[in-house]
Amino acid sequence: MVSYPATTETIALAQEANSSEAIQILYQVLEDPSSSPEALRIKEQAITNLCDRLTEEKRGEDLRTLLTKLRPFFSLIPKAKTAKIVRGIIDAVAKIPGTTDLQITLCKEMVEWTRAEKRTFLRQRVEARLAALLMENKEYVEALALLSTLVKEVRRLDDKLLLVDIDLLESKLHFSLRNLPKAKAALTAARTAANAIYVPPAQQGTIDLQSGILHAEEKDYKTGYSYFFEAFESFNALGDPRAVFSLKYMLLCKIMVSQADDVAGIISSKAGLQYVGSDLDAMKAVADAHSKRSLKLFENALRDYKAQLEDDPIVHRHLSSLYDTLLEQNLCRLIEPFSRVEIGHIAELIGLPVDHVEKKLSQMILDKKFAGTLDQGAGCLIIFEDPKADAIYSATLDTIANMGKVVDSLYVRSAKIMS
């Protein structure tokens with residue numbers, strides 16, 4: 001077998017070779033016993049090239065094995081370079097689809113190694129990455145336990161940049177658990193830490209995106225839109241794929257405040273045209289349905305763009321609320337001419353199952369959206385006339401209030417006379 005030393009010529013040879021040959025050559029470069037500064041530099045380059053090749057081949061397990069094999073090499077190079085290589089390999093595994101479990105295992109192994117080697121700086125960053133992966137895997141309890149320990153340690157060390165990442169992650173985690181007060185508190189902590197340092201544009205965009213999500217959750221769609229717009233500008237400038245999600249949520253806010261007519265204009269703008277695709281098409285379909293107050297078009301949009309609408313938890317939550325509002329408006333419009341009407345007839349007019357309509361009408365009566373009752377034996381809805389307010393009650397209250405003022409005035413005068 002040909003031996004390949006750690007030289008520039010060997011790296012050039014690997015670049016020209018096909019994928020399998022290049023991987024073999026690069027592995028042999030790493031096995032070169034030489035530890036001169038030049039050899040170490042060549043090996044670092046070989047590691048980068050090898051990561052790229054293994055990622056292209058989707059060989060996640062080989063990347064995990066590579067990270068284990070490199071541990072003796074890490075003792076020969078500075079800690080900062082070690083951290084860069086370790087995070088680079090973990091990022092490389094993340095580029096391979098369906099490797100979440102492998103990434104979690106890899107991070108746990110590296111946490112154990114960094115603890116043994118007392119590499120605190122690297123361990124904290126790997127633990128933050130591990131918490132993000134656990135949250136993605138919906139292992140919320142374990143992620144929260146890891147973060148609560150990590151955030152105390154990082155605050156003590158006053159590593160502001162990492163603290164921003166951890167607070168942001170904690171906010172996302174609490175939001176996933178539907179604990180909005182804690183999600184807002186963690187986001188405020190992230191903003192406070194970010195104000196004390198320079199924050200990279202990508203991280204600032206992430207803060208704005210999370211702020212928009214939390215404001216939208218509180219039905220403050222106008223403020224949410226502003227934050228989503230800031231996030232979109234940051235991600236758009238960087239070419240970050242999250243730009244399309246920020247734009248999508250901007251359009252969602254417009255729809256939720258009944259400004260669906262603005263959606264087409266935003267999509268056709270210079271910035272919007274860069275991201276034309278299924279995500280924006282989905283929001284345009286919803287906007288059209290909302291503008292026409294059409295439940296049928298709304299349901300068609302949900303069916304045709306299931307991945308973009310229902311599989312996105314943020315969009316799905318708000319669209320469910322919008323669907324309920326639209327359904328209520330349509331039902332109120334349909335029952336307005338009647339004093340007594342069959343539920344089956346309403347269901348036929350609106351194009352929905354009878355049991356679905358009956359359940360919704362029952363809920364609307366309880367919520368006092370209109371006055372009426374359901375006669376389930378006859379399968380009818382009986383609508384009552386709106387009770388007219390008796391003017392005598394308000395007039396009586398006004399009279400009593402005026403009498404009170406007169407009595408108070410007389411009391412003050414009598415007190416002055418007596419004194």
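Student: Which helix gives the largest share of the lining of the largest pocket?

Tutor: That is α10, with 9 residues. Keep in mind that this is a predicted model. Helix α10 covers residues 160-176, and among the other elements that each supply at least two lining residues are α6, α8 and α20.

Student: What makes a residue part of that lining?

Tutor: A lining residue has an atom within 4 Å of a pocket point. The largest pocket has 47 such residues, and A132, M135, L169, K172 and R242 are the closest to its centre. The space in this pocket comes to about 1700 Å³.

Student: How many residues of each class does that lining have?

Tutor: The lining of the largest pocket holds 24 nonpolar residues, along with 9 polar and 14 charged ones.

Student: What is the volume of the second largest pocket?

Tutor: About 300 Å³. It is lined by 14 residues, and I47, T48, K84, I85 and G88 lie closest to its centre. Helix α6 gives the most, with 7 residues. By class, the lining of the second largest pocket has 5 nonpolar, 3 polar and 6 charged residues.

Student: Let's turn to helix packing. At what angle do α3 and α6 pack?

Tutor: The angle is about 10°, and the axes are 10 Å apart. Angles under 35 degrees count as roughly parallel, so α3 is roughly parallel to α6.

Student: Which residues of α3 and α6 meet?

Tutor: From α3 come E44, I47, C51 and T55, and they meet K81, I85, I89 and A92 of α6. This contact has 5 nonpolar residues, 1 polar residue and 2 charged residues.

Student: How are α6 and α8 arranged?

Tutor: Helix α6 spans residues 79-94 and helix α8 spans residues 120-136. Their axes come within 10 Å and cross at roughly 15°. The crossing is right-handed.

Student: How do you know which residues of α6 and α8 make the contact?

Tutor: Contact means heavy atoms within 4.5 Å. The residues that make it are T82, A83, V86, R87, I90, D91 and A94 on the α6 side, with L122, R125, V126 and R129 on the α8 side. Sorted by class, they are 6 nonpolar, 1 polar and 4 charged residues.

How values were computed
Residues numbered from 1 in each chain as written. Predicted model: local features only at pLDDT ≥ 70, side-chain atom pairs only at ≥ 80, totals over all residues. Heavy atoms only, no water. Axes fitted to C-alpha atoms, helices over the stretch in contact; angles between N-to-C directions. Helix = DSSP H or I, 4+ residues; strand = E, 2+ residues; numbered from the N terminus. Left-handed = near helix turned anticlockwise from the far one by under 90°. Nonpolar A, V, L, I, M, F, W, Y, C, P; charged D, E, K, R; others polar. 1 Å grid on protein atoms, 1.4 Å probe; cavity = no way out; pocket = protein on both sides within 12 Å on 5 of 7 lines; lining within 4 Å. Points joined across faces, edges and corners; volume = space filled by probe spheres on them. Parallel < 35°, antiparallel > 145°, perpendicular 65-115°, else oblique.
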